[in-house]
Amino acid sequence: MTKSTNIFVGILLAITMAACGDDSPNENNGASGTGGDAGGDGDGDGDGDGDGDGDGDGDGDGDGDAFLAPAGDGWKTLITGDWELPAGTEGYVCVRLTIPEDTLLSGMKPLLPPGTHHTVLSIDEVPVEEDGTAECDAFANGERQLGGSGVGTEPYDYPQGVAMELKAGSQITLNLHLFNTSEDSLTGTSGLLVKTMEENDVESFAETILAGPIMLEIPPGRVVQSGTCTFTQDATIFSVLPHMHQTGVHMKVVAHSSVMGEVELFDDAYSFEDQQVYPLDMIEMKEGDTVEVDCTYENETEDTIIWGDSSLAEMCFAGLARFPASDEPMTGCFN
């Protein structure tokens, strides 16, 4: 059964080696935002005045705090947030930004310093909280998901003519799941660089949804858990991002399309430390078609592991990027 809900979107889509040790941190404890800027830090060495306003004599780069400040190689800074996480703790920080002008995204590059377990980018049509960086939880996400990342996620582009739309006056939220298994405090700046495109080049607007089960019971040993997503309208899938936690070892994602038949989207070993976005041939789906997600786990403990947002619990999600965006905002397609 499909359910459009904001109960989750603290998942996907990034994460880090230092954040992925074997120690067991205290859950959801201690993360704190430290005033990170959405749009850069103004620390460059150009012609600004140190504030990023571009008209003085200091060491700022002139546009460090500007919306979509250049970040090199065609990338632009969309949103960043500074954070601090005490040793042996886990928590969430949300960075919010009200979009000042219509913007069309054509690619994403996550910024994932050690301690970043995953990131999720979502959007609301109007602001729901004050802009800035603050502690939050896994469920603090917007009504529509735009993208995400996991440990090691590399930059990725959308197909030609496809864009993620950010309307002026809307508010984006970057939800950061932070996880520190080290014996020392961690600080970092997580965020997202983007590429943009012109309106004349856009043929369709896209979104990302999470497909999979939200109830898991993983007893000791090797176990397979499954979920199904039923499409509520026609759409074309163009990429997939597998996401599980530390006991996940394999994922299989199959689309059952009434147009193209049974299409394998992903069937491979899974590594928590190497979560990538995999581009696909255009997979046409009709209303009522389904995507099946099978997750395999190796539970070497003596306890049953359940679904949860903690890195010590488990998940089973395939992040599906598709176009056109759904008529009604949604973040997930769960059974």
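Predicted model: local features only at pLDDT ≥ 70, side-chain atom pairs only at ≥ 80, totals over all residues.
## M260 and its loop

M260 counts as partly exposed, at 38% relative accessibility. On this scale, buried means under 20% relative accessible area, exposed means over 50%, and partly exposed is what falls in between (1.4 Å probe, protein chains only). M260 sits in the loop between β18 (248-257) and β19.

Residues are numbered from 1 along each chain as its sequence is written, and side-chain values use heavy atoms, with hydrogens and water left out.

## The chain as a whole

How many helices and strands does the chain have? There are 0 helices and 24 strands; both are DSSP runs numbered from the N terminus, with helices being H or I of at least four residues and strands being E of at least two.

The chain has 335 residues, and 55% of them count as buried. Its accessible surface comes to about 13,900 Å², with 43% of that belonging to carbon and sulfur atoms. Those areas come from the Shrake-Rupley method with a 1.4 Å probe, and for residues only the protein chains shown count as cover.

## Salt bridges

A search of the whole structure turns up 5 salt bridges, each being a side-chain nitrogen of Lys or Arg within 4 Å of a carboxyl oxygen of Asp or Glu. One of them pairs R144 with E207 at 2.6 Å, N to O. R144 lies in strand β8 (residues 144-149) and E207 in strand β14 (residues 207-212), so this pair ties together parts that are 63 residues apart in sequence. Both ends are tucked away: R144 is buried at 15% relative accessibility, and E207 is buried at 0%.

K195 and D157 form another of these bridges, at 3.7 Å, N to O. Here strand β12 (residues 186-196) supplies K195 and strand β9 (residues 156-157) supplies D157, so parts 38 residues apart in sequence get tied together. K195 counts as partly exposed at 25%, and D157 is also partly exposed, at 47%.

Then there's K286 with D234, at 3.5 Å, N to O. This pair links distant parts of the chain, 52 residues apart: K286 is in the loop between β20 and β21 (290-299), and D234 is in the loop between β16 and β17. K286 is partly exposed, with a relative accessible area of 36%, and D234 is partly exposed with 39%. Finally, salt bridges that share partners join R144, E207 and R322 into one network.

## Glutamines in loops

Is Q275 buried or exposed? It's buried, with a relative accessible area of 1%, even though Q275 is found in the loop between β19 (261-269) and β20 (278-285). Its side chain makes a polar contact of 3.3 Å with the side chain of Y270. A polar contact is a pair of N or O atoms within 3.5 Å; within protein, one must be able to donate a hydrogen and the other to accept it, and residues adjacent in sequence count only if both atoms are side-chain atoms. A polar atom of the Q275 side chain also lies 2.9 Å from the backbone oxygen of F272.

Q233 is in the loop between β16 (221-230) and β17 (235-243). At 15% relative accessibility, Q233 counts as buried, and its side chain reaches the backbone nitrogen of D327 at 3.1 Å.

## Out on the surface

E101, D102, E198, E199, D201 and E203 gather in a patch of negative charge on the surface. Patches are made of residues with over 30% relative accessible area and no salt bridge, joining like charges within 9 Å and nonpolar side chains (Val, Leu, Ile, Met, Phe, Trp, Tyr) within 5 Å. One of the patch members, D102, is exposed with a relative accessible area of 61%, and its place is in the loop between β4 (89-98) and β5 (103-111).

P114 is in the loop between β5 and β6 (116-124). P114 is partly exposed, with a relative accessible area of 41%. The C-alpha atoms of P114 and G188 are separated by 7.4 Å, while the two residues are 74 apart along the chain.

Technical notes: Lys, Arg positive; Asp, Glu negative; His and termini not counted. Charge placed at Lys NZ, Arg CZ, Asp CG, Glu CD.
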